Structure formats: C-alpha cells, structure tokens
Amino acid sequence: MSGDHGRGDSQVNSGSKGSDTHKHKDKHKDKEHRHKDHKKDKEREKFKHSNSEHKEHSEKKHRDKDKERLKHSDSSSDKHRQKHKDRDKDKRREEKIQSSHLEKPKREKENGYVRDRSPAGIKSEPEEDNGFYPSPQHNKSSRQEYDDEEYEYKPKKVKLEHDKKAKKRKHEYDEDEEDEGIKHKKKIKDKKGTDGKKVKKEEEEKWKWWEEERYTDGSKWRFLEHKGPVFAPPYEPLPGKVKFYYGGKPMKLSAPAEEVATFFAKMLDHEYTTKDIFRKNFFKDWRKEMTSEEKSVITDLNKCDFSEMSEYFKAQSEARKQMSKEEKQKIKEENERLLQEYGFCIMDNHKERIGNFRIEPPGLFRGRGDHPKMGMLKRRIRPEDIIINCSKDSKHPKPPPGTKWKEVRHDNKVTWLASWTENIQGSIKYIMLNPSSRIKGEKDWQKYETARRLKKCVDRIRAQYREDWKSKEMRIRQRAVALYFIDKLALRAGNEKEEGETADTVGCCSLRVEHIKLYPKLDDQEYVVEFDFLGKDSIRYYNKIPVEKRVFKNLQLFLENKQPEDDLFDRLNTSILNKHLQELMDGLTAKVFRTYNASITLQQQLKELTCSDDSIPAKILSYNRANRAVAILCNHQRAPPKTFEKSMQNLQNKIDEKQNQLSAARKQLKAAKADHKASHDDKSKKAVEMKRKAVQRIEEQLMKLQVQATDREENKQIALGTSKLNYLDPRISVAWCKKFGIPIEKIYNKTQREKFAWAIDMADKDYEF
DNA sequence: AAATTTACTTAGGAACATCTTA
DNA sequence: TAAGATGTTCCTAAGTAAATTT
C-alpha cells in the first residue's frame with residue numbers, strides 16, 4: 001500500500017535553493033513588521049545587558065500579535081468557534097471507528113514500572129580506561145522485552161531472561177513464542193561477542209540498554225551527575241596594531257564594542273553582511289555595547305572600516321593551519337582533556353557521553369533564509385544564566401570561581417543537564433546527551449515502533465481520510481486533505497509561528513493559498529497540484545503532483561474567496577490534526593507519517609533494487625539509491641558542494657584513463673593468446689592467464705568508478721544524511737546488510753554505529769519494518 | 001480552549017580530520 | 001609533502017508536540 005504513491009523524483013531539481021524566488025509574499029506582512037519595529041527594539045534592549053529578565057519579552061510579542069489577530073479575526077476566530085462546536089459530534093463518530101479498528105489494546109505509556117537502580121551507584125560505560133568502570137549487567141539487568149519476531153518496543157513490565165542474569169519474567173502480554181529462539185541467540189552473543197579477541201571484551205562491556213526495562217513512570221533517570229557546561233573563552237582584545245577606522249580615522253574601541261565589532265569583521269566575506277536587515281540589526285545591537293562617546297561618534301555603519309580586523313583574523317586562521325605538529329597535538333590533547341572532564345555524565349549506573357557540553361559562544365545571529373533577526377547580537381552566556389539539572393544526591397557541578405548558577409534543580413522528568421534562555425528568540429537551549437546514550441536511543445527506538453504500528457493501521461486511516469473528503473463539514477474535509485498531503489508527500493505538520501519573529505516558512509497546516517497552484521490539466525496529466533513554498537530551514541519545496549479528483553475539487557473549494565496570503569486550511573491547525581490522529585491510533589501524530597513513509601520506502605526500494613549477485617559496490621549503489629528515494633521524498637536538499645563540478649571532472653578523467661588501460665590490457669591479452677596459439681607452450685599459457693586476470697581486474701575497477709560517478713551525480717543536491725539519521729529505521733539497513741553480506745561499516749560510520757548500536761545488535765536478516 | 005512555555009527531534013552547513021593525489 | 005578531495009563532527013537553528021498557564 002505504501003508504494004502506491006508513485007512518488008515523483010522530480011522535485012528537487014526543479015527547485016533552486018534559496019529565497020530569492022520567494023520575495024513576493026512580503027507585501028502584507030511588511031506593514032506589520034514595520035509597525036512592530038519599535039517594540040522589537042525595546043525587546044532587544046532588555047536582553048542586552050540585563051540577562052536576568054528575559055521573561056517579559058514575551059508579553060510584548062503578545063501585544064503585537066493581538067493586533068495582528070484583530071485584523072484577520074473575523075475568519076479565524078469564528079473558524080475556531082465553529083470547530084469546537086463540531087468537535088463533539090465528530091469525536092463520537094471517530095471513537096466508534098477507533099474502537100472498531102484498533103487492533104491492540106492501548107498500550108500504557110507509563111505503567112508505574114520502575115527501574116531498579118541504586119541512586120548513587122556508578123557504573124560507567126566502557127571505552128577508555130578512565131576511572132569509571134562498568135559492570136554493565138550485574139547490578140540488575142532486568143531486560144527489556146522485545147520479541148524477536150516483531151522487535152516490538154514494549155514498555156512493559158516484562159523481564160526477559162535473555163541471559164544468565166535475568167531470572168524471572170513477569171508477563172503481561174507477551175506472545176513471545178519466539179522467545180526461546182531469541183534467548184538462544186542472545187546467549188551466544190553475550191558470551192562471545194561477534195568477532196575476535198580484542199573485540200570480545202569490549203563488546204561484553206558495552207552496555208546493552210535495550211535489553212533492560214525502561215522507566216514507565218515518566219521519570220527519565222534516577223541518578224544524574226555531571227560537571228556542568230564549558231563556557232566560551234573570554235574575549236581577548238585585539239593587539240594594538242590592529243585598528244578599526246571610522247570615516248577613515250583610526251579609533252580605539254572599548255572592549256565590549258570591540259568584541260562585537262570583531263564578530264562583524266569575521267563575517268565580512270559573507271554575503272549577508274551586505275544585507276540590509278543584517279546590517280541594521282547588527283548596528284542597532286552594536287551601538288548598545290558602545291560607550292556614550294563611541295555612540296556619539298559612530299552613527300553610520302557604512303563609515304566603519306573593519307578590514308584590518310578582518311585581515312587579522314584571516315592571518316590568525318592561516319597561522320593556525322601552519323602550526324607545527326606538536327602544537328596541533330597539544331591543542332588536540334587539551335580538547336581531549338576537556339572532553340574527558342566535561343563531555344560525560346553519569347546517568348543511573350552508566351557513564352554516558354554528552355552531546356553538546358560547550359555553551360554557544362557569543363556572535364551575530366544568522367537565521368536561515370530571510371530571517372528578520374539576522375545580524376542581532378547573540379549574547380554571551382554566563383553561569384548566572386544557567387540552570388543546572390542533576391540529582392540531589394550527586395556531586396553538583398560547581399560554577400566557575402566567583403560565579404553562581406542561576407539555579408540548581410533536580411527534575412528527573414526531563415533529560416537535560418543544563419539549560420539557558422537565548423536572547424534572540426527567547427527560547428530555551430539545552431545540554432543533553434549524545435545520540436548513543438540510552439535516553440536518546442530508547443526514544444529513537446520508540447519512534448520507529450510507533451511508525452511500525454502505523455504501518456499496521458495505515459490502510460484503515462487512508463480509507464478514513466478518503467471518506468472524509470466527502471464530508472459535509474469543511475473542517476473535516478480540510479483535515480482529510482491535509483492528512484492526505486502529509487501521508488502522500490511526507491509534508492511536515494506546519495505549526496503556526498509568530499510572524500516577524502522568524503523566517504516566513506510553512507508546513508502542511510500552515511500552507512497558504514499562494515503556495516499552491518491548481519491545473520485541471522497539465523501536459524498529459526489531470527488534476528495537478530503545484531506546490532511551491534519554503535519549508536523548514538527555508539528550503540524550497542517544489543513539486544507538481546497529480547492528485548485524485550476529489551482532492552482537487554476540495555482544493556478548489558478551499559481556495560474560494562481567498563487572498564493569496566490566506567491560509568489554505570483555514571479551519572485546521574496542527575493541534576486539531578494531531579488530536580484527530582491521536583484518536584485514530586495511540587501515539588499517532590503528523591510526523592509519524594514521515595517516519596513511516598520514509599522507512600517503508602527504504603525497505604521497499606531495497607527490495608526492489610538489490611540484486612543478490614551484484615558486486616558489493618553495486619549493492620551499495622542500490623542502497624544509496626534507496627536512501628536517495630527517501631531523501632527526495634522528504635525533500636532533504638543540500639547546496640551542491642562547491643567543488644562538485646571539479647570533482648566530477650576528476651572522476652571522469654579517472655574513468656577515461658581506466659578505459660584506456662582496459663583497452664590496452666585487452667590488446668595485450670589478445671596478443672598473448674595469439675602467442676599461445678603459436679607456441680602452445682606452458683609459459684605462454686600462463687601469460688594468457690595473467691593477462692586475462694589483468695583485464696578482469698581493470699574491468700572491475702572501471703565498474704566501480706562508474707558506479708561511483710553515477711552515485712555522485714545523482715546525489716548532487718540531495719543530502720542522504722538526514723534521512724539516514726532520523727527517518728530510516730536502522731534495523732532495515734542492518735537486516736539488509738546481513739542478508740546481502742555487506743559489512744555494516746559500508747553503510748554506517750563509527751558515530752552512526754554508535755547511535756544505532758541497539759539496531760545492529762538486535763536486527764537479524766529477516767527483520768521487517 | 002487559547003496562549004505560552006518547555007522539551008526534545010530534525011536540519012543543513014561550517015569546521016575540522018583524514019585520506020588521496022600530484 | 002603540500003594541496004586538494006572527501007568524510008566526519010560540531011554547531012546551532014528551526015521544527016514538532018506535549019505540558020502548563022492564563
């Protein structure tokens with residue numbers, strides 16, 4: 001069913017990246033932005049020096065928004081009223097459906113189940129020999145349940161005796177007849193590791209969190225200890241000889257003003273320092289850092305000359321490159337030391353890697369796309385801004401001498417170790433664990449299990465939304481059409497965002513009239529919808545796609561009497577949609593469709609594209625192509641690498657060269673054969689064999705190069721990484737590798753293998769998503 | 001029930017490291 | 001052995017969605 005969509009692969013090429021094409025729509029908003037401006041200034045001022053008072057800024061936003069809202073209120077507010085009126089009826093209907101279709105009893109998300117971990121216990125993750133040592137299993141190692149056949153992720157109260165240590169299992173709902181089998185496998189694995197001597201030990205020490213139970217009471221950990229974040233190095237004033245000029249005259253800046261100036265100087269080569277908004281925002285924020293004298297002198301950014309600073313930094317980075325081996329080594333060691341000290345935490349009984357233990361340094365904000373705040377000063381974060389999260393009974397991190405944390409709390413319902421509020425959007429930033437950590441891995445696994453549950457009921461859901469296209473209620477039709485897009489095109493949900501705070505981008509629910517065009521007939525196709533909008537990160541989504549007649553008619557209806565800047569789905573938002581989805585399947589949200597469609601597409605493409613008697617490189621090409629199909633579906637684009645053309649050319653040269661070699665080798669072979677025919681002696685026979693082999697070898701090499709070229713060409717503006725990392729159930733890939741004898745390293749690099757350790761360990765060649 | 005806040009996933013590009021090649 | 005290509009990691013912005021507040 002999932003392949004049914006006939007996904008076009010045309011969209012990527014047809015759309016160029018970037019926002020130039022999208023200038024148009026600002027018209028309306030422009031006004032609003034402008035009139036908001038003075039407020040925004042105030043807002044910024046607040047953040048400026050007084051870091052402690054971030055809170056209020058939001059009030060302001062809201063006032064602004066209220067105004068905006070009034071403008072459009074007629075439609076939108078009554079749209080909501082309407083919605084709610086209808087809700088009950090609707091709900092009842094859906095409930096009925098749900099109960100008749102839901103194949104499984106609702107899974108309890110949290111069932112009061114608790115891991116047994118002694119709070120202060122410290123068992124570390126292996127890896128290096130640094131102090132902590134793991135005793136992965138013995139403390140308890142009750143194991144998490146998954147049954148082999150389904151690999152289900154069940155937050156159950158079940159323990160599975162996969163090995164010697166787990167003794168009991170209290171069943172709830174396991175139908176694991178497969179259990180015996182799995183027990184077996186596990187045992188073997190646990191004992192031996194998969195290969196060799198050295199690995200063996202390591203493997204045994206690797207903590208297999210996926211074999212343990214999970215918390216089911218909503219808590220994320222029992223014990224958490226860490227050293228706190230690493231702060232950005234303090235500002236180092238420029239040497240006196242590096243001057244800043246204003247109106248051609250050298251001018252010594254105060255340290256704060258100078259620091260901000262250096263941020264600008266460092267970006268001088270970048271295009272966005274030429275952008276008006278960027279310059280304006282920068283200048284405004286810069287002036288706030290100036291002394292009053294500086295402020296009175298420096299009134300025009302255009303008179304500022306940062307070029308000496310800029311040169312200085314270029315020289316610095318050049319010098320860094322030229323550093324001697326030893327110096328580089330020293331830096332590396334220092335980094336390693338920092339990593340060892342701050343890069344890990346102890347969560348429950350294990351030492352885990354932290355994802356981002358460094359605080360973001362100050363600088364100029366560069367949003368993606370046409371961002372209204374580009375160029376604003378991103379404030380330096382101090383200990384006083386940081387909230388620390390750790391367990392009460394841990395050794396609390398200490399703030400740098402002479403400073404204090406903003407707060408130390410002990411909240412085990414969240415996963416972060418530290419947080420602070422950022423001054424550009426007023427949002428919270430977090431320090432969290434690495435993807436290889438248990439806490440991230442469990443979540444990831446769970447995500448794929450939810451997607452797999454969707455697989456089981458997607459037919460039903462599709463049938464339902466198709467039915468809903470005919471509903472007499474507008475909101476239901478809109479919901480159904482939106483869902484169709486989300487399903488078929490893997491669009492994102494499209495939360496609403498505050499205008500003027502961020503770049504103007506949309507997702508499904510926030511599509512506007514101006515983002516689609518309808519063609520009753522286009523070329524030889526009927527009912528074509530053309531999408532053209534900027535999505536997340538201001539990446540353009542461009543796609544022409546034939547849809548079903550009923551969808552088309554509905555779209556026409558939705559467009560009636562609307563302006564280009566009006567919402568296409570005026571009676572829908574993500575929260576309504578997700579509520580609906582939740583009723584269709586426990587845990588279902590809009591983004592699950594993306595995961596589901598991505599993974600199912602990979603699986604199906606792999607099945608379709610892989611030939612078992614292909615060479616390994618050819619198989620990998622197939623894998624990449626399957627991966628690529630997904631990336632295209634998800635619209636994961638990249639700017640073509642700067643050196644793309646050149647590197648392509650290089651490769652082509654190599655191919656040509658190889659081709660020459662090949663014909664030469666063939667000639668030699670022929671000659672050898674002739675020779676052999678003439679002499680019939682042993683030596684000449686050997687020569688023929690040699691030549692034959694040579695030809696074969698070269699042919700192989702040529703093939704490999706050609707495959708590589710194809711792969712690269714096809715990948716010009718497509719990024720495979722995002723889908724691989726976030727959307728594709730790793731077990732599919734692992735199974736594929738096992739099935740076709742591809743070493744996993746060909747597919748996943750080291751980091752990826754760490755992230756997907758759970759999948760690599762548990763999926764066998766027959767895994768089915 | 002709307003608005004806001006919080007937590008966490010997803011994202012592309014820059015920086016950096018490492019391999020390859022001239 | 002330096003320069004260039006390629007692969008990896010880091011960085012942090014920008015989403016989603018749930019939780020909390022109003």
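These legends walk through close-up views of a predicted model of a protein with DNA.

Because this is a prediction, local features need pLDDT of at least 70 and side-chain atom pairs count only at pLDDT 80 or more, while totals for chains, interfaces and linings use all residues. Residues are numbered from 1 along each chain as written, chains are lettered from A and ligands numbered from 1 in written order, and side-chain values use heavy atoms, without hydrogens or water.

**View 1. The surface near DNA strand C.** Here "near" means that a heavy atom of the residue lies within 4 Å of the strand. Of the 31 residues around DNA strand C, those that come nearest are Arg368, Lys429, Gly494, Lys591 and Thr751. By class, this surface has 14 charged, 13 polar and four nonpolar residues; Asp, Glu, Lys and Arg count as charged, Ala, Val, Leu, Ile, Met, Phe, Trp, Tyr, Cys and Pro as nonpolar, and the others, including Gly, as polar. Helix H17 gives the largest share, three residues.

**View 2. Contacts with the phosphates of DNA strand C.** Look for the polar side-chain atom of arginine 712 that lies 2.8 Å from a phosphate oxygen. Backbone atoms take part too: a backbone N or O atom of alanine 493 is 3.2 Å from a phosphate oxygen, and a polar backbone atom of alanine 590 also lies 3.2 Å from one.

**View 3. An aromatic pair within helix H7.** The rings of phenylalanine 283 and tryptophan 286 are edge-to-face because their centres are 6.1 Å apart and their planes meet at 65° (rings of Phe, Tyr and Trp, using its six-membered ring, pair with centres within 6.5 Å; planes under 30 degrees apart are stacked, over 60 edge-to-face, the rest tilted). These residues are three apart in helix H7, so about one helical turn separates them (helices are DSSP runs of H or I, at least four residues, numbered from the N terminus). Phenylalanine 283 is buried at 12% relative accessible area, and tryptophan 286 is buried at 0% (buried is under 20%, exposed over 50%, partly exposed in between, with a 1.4 Å probe and protein chains only).

**View 4. A stacked pair linking distant parts of the chain.** Tryptophan 445 and tryptophan 758 stack at 5.9 Å centre to centre, with 25° between the planes. Tryptophan 445 belongs to helix H11 and tryptophan 758 to helix H22, 313 residues apart.

Conventions
Polar contact = N/O pair within 3.5 Å; in protein donor to acceptor, adjacent residues only side chain to side chain. Helix = DSSP H or I, 4+ residues; strand = E, 2+ residues; numbered from the N terminus.
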